[in-house]
Amino acid sequence: MSKNNHIEFPFKMMASFAVFALIMSGCGNKDAENKDEQSSKTTETFQEDVDSKESLETQNPKKNEQEVVRDAGGYIVGQELPKEATYISDLLIASKRYPLPADFAPGEDPEARAAFEELNAAGILEGYTFNAFSTYRSYDRQVELYANYVNRDGKEAADTYSARPGYSEHQTGLAFDIGEVGSEQFFADEGFGKTEAGKWLAKNAHKYGFIMRYPKGKENVTGYMHESWHFRYVGKDIAKDIYNNKSTLEEYLEIEK
Ligand SMILES: [Zn+2]
């Protein structure tokens, strides 16, 4: 690479590889859509991982930059599952940067379930009956699912549509995959976002405390491809804030994907 060319070029190239590598499904219940483009390893600069909530809140994010290596699935190479779950500003996080302990097993969150029922009651008044077809999934269940997908399609392909054990937001009990009763063909399908029910949900879920966790156009912020069916309960105030700012949980909390 010539020194006379734009100096930022290698960085941009890496960044675009990172986009390819990191746009993955967080749900793990969608059929494979294998994507061929891969660079085997991508690097990026990021805030050094910190364990405790206090240090996350008090440290300057730019202070401890270091390089991490991501594998083709977008996971940080060498990362082990933590002993404790990560809470930032009292919000439980599950992502490729902040995985969950294997023994973290809260079950479905009752407050999130109640909020879903409230949302559904409002939907029914508009003619949409919703079904939360996948909510809490245990670590062991994710082990099983992921292993099945790897057996069927190979690891590289499985990583594009299924979270590895410990990395699924469904293990928090706060993630709800939502579809419309009678439109099961759109469960965990991108077509759901184009249905009237999907559009209504996208516009109204925040009123009941849910955010669309992986919005379109934010793939490089969340690290996941858009999922029109995957909602995360965060409570009404935060959900409204994120919705009104066309934001994401990562941006709201100012954390790396
Ligand atoms: Zn999901």
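E254 is found in the segment after α9, where helices are DSSP runs of H or I with at least four residues, strands are runs of E with at least two, and both are numbered from the N terminus. The phi angle of E254 is near 55°, a positive value in a residue other than glycine. E254 counts as exposed because 11 C-beta neighbours lie inside 10 Å; the cut-offs are 12 or fewer other C-beta atoms within 10 Å for exposed, 20 or more for buried, and partly exposed in between, with C-beta atoms placed from the backbone.

The structure is a predicted model, in which local features need pLDDT of at least 70, side-chain atom pairs count only at pLDDT 80 or more, and totals for chains, interfaces and linings use all residues. Residues are numbered from 1 along each chain as its sequence is written.

K246 is found in the loop between α8 (236–244) and α9 (249–253). K246 is exposed, since 10 other C-beta atoms lie within 10 Å.

For the protein as a whole, the secondary structure comes to nine helices and eight strands. Of its 257 residues, 37% count as buried. Among contacts (C-beta atoms, placed from the backbone, within 7 Å) with a separation of 6 or more, 68% are between residues 24 or more positions apart.

The mean pLDDT (the predictor's confidence in each residue, from 0 to 100) is 82, and 74% of the residues reach 70 or more. Over residues 1–22 the pLDDT is below 50, and this stretch has 22 contacts in the model beyond near neighbours in sequence. Residues 30–65 also have pLDDT below 50, with 51 contacts beyond near neighbours in sequence.

Technical notes: Contact = placed C-beta atoms within 7 Å.
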